[in-house]
Each structure stands twice: as structure tokens, then as C-alpha cells.
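Student: I would like to work through this structure with you step by step, and to begin with one residue before widening the view. Could you take my questions in turn?

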Amino acid sequence: MLVVCIACSLVPTAIAGNGGSFLSDAACPDSKYFSNLINKFCWSCTLPFNLMGFTSTPPDGANNDASCYCQDELGVPEIGFSVGYWAPEQIIEITTTPWCSPTLGGAMIQDDLTSMGDTGGGQSASRATKATFHYNYFANPVFKMLSMFMIPECDKDPGIVDLDLMYMSMLDITWYDDMLAMVFNADATAFANPVAQAVCMKDCAVLAATSDPSDQNWFCAGCEGNMYPFTGNIASDNNAIRSSSLVVTRALASMHRRGLARTTYGEEAMCENVYSPMIPKPMYKVSMAWPKPEVDGNNGDCCHPLGDFWMKWGLGRKSPGGGKDNTFVYNIFRYNDCCVRLF
């Protein structure tokens with residue numbers, strides 16, 4: 001894990017001091033993330049707040065009980081009341097340029113273009129055209145950084161207090177090889193059939209109509225495409241918005257498969273995080289932060305569930321040139337259930 005809270009300000013300055021990046025801004029743009037953190041951030045996505053079960057719209061699988069208990073170090077039960085809330089916890093950057101971080105001011109972490117990606121666009125693009133994207137996975141505990149909602153029992157990641165670079169697809173040898181990814185995730189073969197594809201088509205239809213993802217169809221990526229394999233190779237059909245959104249879902253799913261992301265909601269996760277190799281899709285909501293924040297012009301809705309139909313939230317969010325057609329930044333909101341002790 002790389003602690004990059006200081007790098008947020010120092011890396012772009014250091015690069016500028018050395019004569020600038022060897023790439024143009026179009027290849028590795030600056031998303032100006034922290035400049036727009038207050039006015040272009042989806043604060044409404046942190047709602048609703050669930051106190052002792054008093055909410056009408058908890059995500060599927062969340063805790064609904066008013067009371068709860070956790071055990072102390074000696075195994076003695078401690079009675080408390082339940083709290084559930086949405087919190088901005090991660091940033092996922094999607095880009096075709098390896099080692100590029102738009103959140104860190106368009107900084108190139110390494111001057112290396114091996115495995116350069118492609119959006120799969122152009123006049124010759126079709127449904128069979130392949131795109132390749134990279135991603136960077138950041139911990140982004142906004143509430144902690146702003147000293148908001150500081151309840152010890154609800155701190156699911158006590159060791160993370162600042163912006164941390166947690167994972168990079170460039171370091172994953174399976175991210176670029178579909179067959180190798182299938183070897184490490186052999187369960188994907190069970191869903192490579194027409195029956196599973198029909199189930200995923202129904203999953204997309206229900207999600208598009210209700211915006212309520214199902215925790216049962218964990219092998220489906222909603223309306224974005226195929227969940228498997230966990231690689232950056234996408235059948236793009238010249239749609240970088242949908243492709244980048246699918247990469248976000250695959251990235252989160254692969255983090256859960258490796259144990260680098262944990263389940264933080266539901267009755268079993270009230271006292272501590274729970275390992276879940278299958279992604280709990282209702283636990284996440286996503287909001288585009290760049291190139292065009294989802295806060296702008298979306299009828300008041302500035303975040304969406306994983307796998308939601310891209311035309312409901314993504315129209316007009318890609319612009320030609322300036323890196324706005326090959327680089328995307330998403331805020332990840334995670335639902336947390338916790339038990340606040342009375343004594």
C-alpha cells in the first residue's frame with residue numbers, strides 16, 4: 001500500500017519542475033479532483049441515513065434491526081443500536097494510458113507505455129471491436145479527511161486516514177490476459193453459457209427499471225456487459241462510457257475475489273468486515289467525477305448503482321480530445337452497517 005496523501009500535491013509539482021510529463025495532457029489529463037471536491041461532489045449520494053432501522057430504502061441485504069450486539073475481547077456481548085450509512089470510500093481511475101493518474105494531477109507514476117490501451121473507437125469500430133483499459137484503485141475516506149461522522153464503531157478501515165493508492169492494474173499479470181484470468185477464476189466457466197447469459201439479461205432489465213441491483217446474480221455486471229473475465233479487455237462497440245463503467249465493476253469484483261475489499265454491510269458485518277469472494281453489488285454506488293461530473297445535468301441524481309444502464313446517467317459525459325474520451329474518474333460509495341455500543 002502506498003500512502004500518497006503528500007504525493008497529491010508534490011507529484012505534479014515535481015514533474016513540472018523537471019520540465020513536465022513526457023506525455024501531452026490528452027494522454028494523461030489532470031482531473032482537478034481536489035479542486036472540485038466540494039462543489040462537484042455527489043453529497044446527496046450519502047443519503048439515506050439508517051438509524052435503528054428507520055429508513056425506507058436500505059440496500060438489498062442491509063441490516064434492518066434496531067438493536068444489535070457485538071462481543072468484546074473476552075467474548076462478552078455488548079448491547080447497542082444499529083447505524084447504516086453511505087460513505088465515499090474509494091476512487092477508481094480508468095484510463096488507456098498505463099501508469100497515468102489523473103487524480104494526482106495527471107502524473108505519470110512511471111515513464112513507461114508498455115501495454116498501452118485503446119478505447120476501441122474510430123470509424124471502423126463495431127460490436128466486435130476490443131478496448132483495453134487500465135485502472136488505479138484509491139482509498140478515499142472523505143468523511144475522515146473532513147472529520148465528519150467520526151464514530152469509532154463505524155470505522156470499517158481504521159488504518160486508512162488519507163488518500164491511499166491501494167492497487168494498480170499495471171501490476172496484475174492477469175489483467176491483460178483473458179485465458180490467464182480464467183485460470184485464476186475458474187468459476188467463470190460455469191457462466192459461459194446461454195442460460196447464464198439469459199439470467200444476466202433479466203438482471204439488466206430489472207436493474208434498468210428499478211435501479212435496485214440484486215445480490216443473487218453476483219456473476220452479472222448488470223447492463224454493462226460480461227462480469228468475466230476480470231481483465232481490461234472489453235467488447236467496446238465504440239462506447240467508452242459503458243466500457244469504463246464495466247471496468248469499475250470488474251475492478252471491484254476482483255478486489256473482493258482477492259480479499260482486498262470486504263463486505264461492510266448486513267447483519268454479519270455489524271461488528272467487523274466480512275470476507276466475501278463474490279461482490280455484493282447492492283453495497284456500492286458510483287458517481288462519475290471526471291470528465292463531466294455526474295452532479296451536472298442529471299435531473300438531481302448524481303450517482304447510480306453498479307451495472308445501471310449507461311444511458312440513464314452517462315449521456316453527454318464524453319468529449320473528444322483533451323483526454324476526455326479515454327480517461328474517467330469515478331467516486332465509489334460504500335454502504336456500512338455498524339453497531340454502536342450503549343456502554
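Tutor: Let us begin with M168 in this predicted model, where M168, once its neighbours within four places in sequence are left aside, is in contact with W99, I109, Y135 and N136.

Student: Is M168 buried or exposed?

Tutor: M168 has its place in strand β9. Its relative accessibility is 6%, and since the cut-off for a buried residue is under 20%, M168 counts as buried.

Student: What distance separates the C-alpha atoms of M168 and W99?

Tutor: W99 is among the residues in contact with M168. The two residues are 69 residues apart along the chain, and their C-alpha atoms are separated by 8.2 Å.

Student: Which residues does Y135 touch, not counting residues up to four places away in sequence?

Tutor: Y135 is one of the contacts of M168, and Y135 also belongs to the residues that touch the most other members of the largest nonpolar core, together with I92, I94, V248, L252 and Y330. Not counting residues up to four places away in sequence, the residues that Y135 touches are I92, E93, I94, Y167, M168, S169, W175, V247, A251, S254 and M255.

Student: Which element gives the largest share of the largest nonpolar core?

Tutor: The core has 67 residues, and V248 and L252 are among those that touch the most other members. The elements that give two or more residues to it include β4 (77-95), β8 (134-139), α4 (194-210), α5 (240-258) and β13 (327-341). The largest share, nine residues, comes from α5.

Student: How many residues are in the other core, which lies apart from this one?

Tutor: Among the members of that other core are V83, A87, C154 and V340. Its number of residues is seven.

Student: Which residues of β8 are buried on each of its faces?

Tutor: In a regular strand the side chains alternate between the two faces of the sheet. β8 is mostly covered, with six of its six residues buried. Both faces are covered, with H134, N136 and F138 on one side and, on the other, Y135, Y137 and A139.

Student: Which residue in β9 is the bridge partner of F138?

Tutor: β8 has pairings with two strands that can be set side by side: with β4 it pairs in the antiparallel sense over six bridges, and T95 stands opposite H134 there. Four bridges join β8 to β9, and these strands also run antiparallel. In β9, the bridge partner of F138 is L165.

Student: Why is β13 largely enclosed by the rest of the structure, and how many of its residues are buried?

Tutor: β13 is joined to β4 by 15 bridges, the two running antiparallel, and E93 has V329 in β13 as its bridge partner. β13 also pairs with β11 in the antiparallel sense over six bridges, where V286 stands opposite I332. β13 is largely enclosed because the number of its 15 residues that are buried is 14.

Student: Which elements give two or more residues to the lining of the largest pocket?

Tutor: The largest pocket has a volume of about 540 Å³. Of the 27 residues that line this pocket, the closest to its centre are S211, K285, C303, H304 and P305. By class, its lining has 14 nonpolar, seven polar and six charged residues. The elements that give two or more residues to the lining are β11 (284-290) and β12 (304-305).

Student: With which residues is D308 in contact, leaving aside its neighbours within four places in sequence?

Tutor: D308 has its place in the loop between β12 and β13, and at 3% relative accessibility D308 counts as buried. Leaving aside its neighbours within four places in sequence, D308 is in contact with L207, A208, S211, C223 and W313.

Student: What volume does the largest cavity have?

Tutor: The structure holds three cavities of 30 Å³ or more. Among the residues that line the largest cavity are S31, Y33, F41, W290 and N331, and by class its lining has five nonpolar, three polar and two charged residues. The volume of the largest cavity is about 70 Å³.

Terms used: Residues are numbered from 1 along each chain as its sequence is written. This is a predicted model: local features need pLDDT of at least 70, side-chain atom pairs count only at pLDDT 80 or more; totals for chains, interfaces and linings use all residues. Side-chain values use heavy atoms; hydrogens and water are left out. On a 1 Å grid over the protein atoms alone, a cavity is a set of points where a 1.4 Å probe fits but cannot get out, and a pocket is an open set with protein on both sides within 12 Å along at least five of seven lines; lining residues have an atom within 4 Å of a point. Grid points are joined across faces, edges and corners, and a volume is the space filled by probe spheres set on the points. Ala, Val, Leu, Ile, Met, Phe, Trp, Tyr, Cys and Pro count as nonpolar, Asp, Glu, Lys and Arg as charged, and the others, Gly among them, as polar. A nonpolar core is a set of buried Ala, Val, Leu, Ile, Met, Phe, Trp, Tyr and Cys residues joined through side-chain atoms within 4.5 Å. Buried means under 20% relative accessible area, exposed over 50%, partly exposed in between (1.4 Å probe, protein chains only). Contact means heavy atoms within 4.5 Å. Two strands pair if DSSP finds at least two bridges between them.
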